[in-house]
Amino acid sequence: MTTVTSSFVSFSPALLHAKKSRRSFPNFRNRSTSLPIVSASLSHIEEADTTTNLYPNIRQTNSISDSLRNISLADLDPGTAKLAIGILGPALSAFGFLFIVRIVMSWYPKLPVDKFPYVLAYAPTEPILVQTRKVIPPLAGVDVTPVVWFGLVSFLSEILVGPQGLLVLVSQQQVS
């Protein structure tokens, strides 16, 4: 039997063939070796038996998590941060404005959204809103997805390019 530990949870293939007990939750005080074991290490892989490796791609996934763990905002140089501010600032402001226009447009459901002034706000935001409506359906006939996206865009704008934003702080670092 092979037990593979990757990321946070160990998995034993014996769980696939185990019979269901009467209780829906296992008793973790008396856990056996077939129950998942939580691991604190992101890069720890443990194999009890290498003769039957059921998960040959687990090492590739682990190397990706190692490389993603090494990426940090502190590694960004100030010049790149200034370029990111120059691109992200106006883009986030434009999308915030477009979502405000979409909120107002939602008050008038019979607007011709395929005509000139309305299509400018409808075309760039509708693909995002369609996907969000699958997760957050209209509440009592009111579409709240433009409000959700406006809040998200405002939050990202403040966190990244606001006066105390992460990218602004990185761009103000002194190069040593």
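pLDDT is the predictor's confidence in each residue, on a scale from 0 to 100. What you have open is a predicted model, in which local features need pLDDT of at least 70 and side-chain atom pairs count only at pLDDT 80 or more, while totals for chains, interfaces and linings use all residues. Residues are numbered from 1 along each chain as its sequence is written, and side-chain values use heavy atoms, with hydrogens and water left out.

Begin by colouring the chain by pLDDT: the mean is 74, and 57% of the residues reach 70 or more.

Next, select helix α5, residues 145–161. Its 17 residues should span 24 Å at 1.5 Å a residue, and the end C-alpha atoms are 23 Å apart, which agrees; the expected span is 1.5 Å times one less than the number of residues. Show the side chains of Thr145, Pro146, Val153 and Val161, which are the buried residues of α5 (buried means under 20% relative accessible area, exposed over 50%, partly exposed in between, with a 1.4 Å probe and protein chains only). They cover an arc of only 95° around the axis, which puts them on the same side of α5; the arc is that of the directions from the helix axis to the C-beta atoms. These buried residues pack against α3 (78–105), α4 (116–135) and α6 (166–171).

Move on to α4, which bends by about 50° at Glu126, with a proline, Pro127, following within four residues. The bend is the angle between axes fitted to the seven residues ending at a residue and the seven starting there. Here Ala121, Thr125, Glu126, Leu129 and Thr132 are buried, and what covers the buried residues of α4 includes α3 and α5.

Now select Asp75, in the loop between α2 (58–69) and α3. Asp75 counts as exposed, at 58% relative accessibility.

Finally, select residues 83–108 and 147–170, which an unreviewed UniProt entry lists under "transmembrane region". Over residues 83–108 the chain is 88% helix and 0% strand.

Methods
Helix = DSSP H or I, 4+ residues; strand = E, 2+ residues; numbered from the N terminus. Contact = heavy atoms within 4.5 Å. UniProt positions renumbered as here; feature names shortened; annotations may be inferred.
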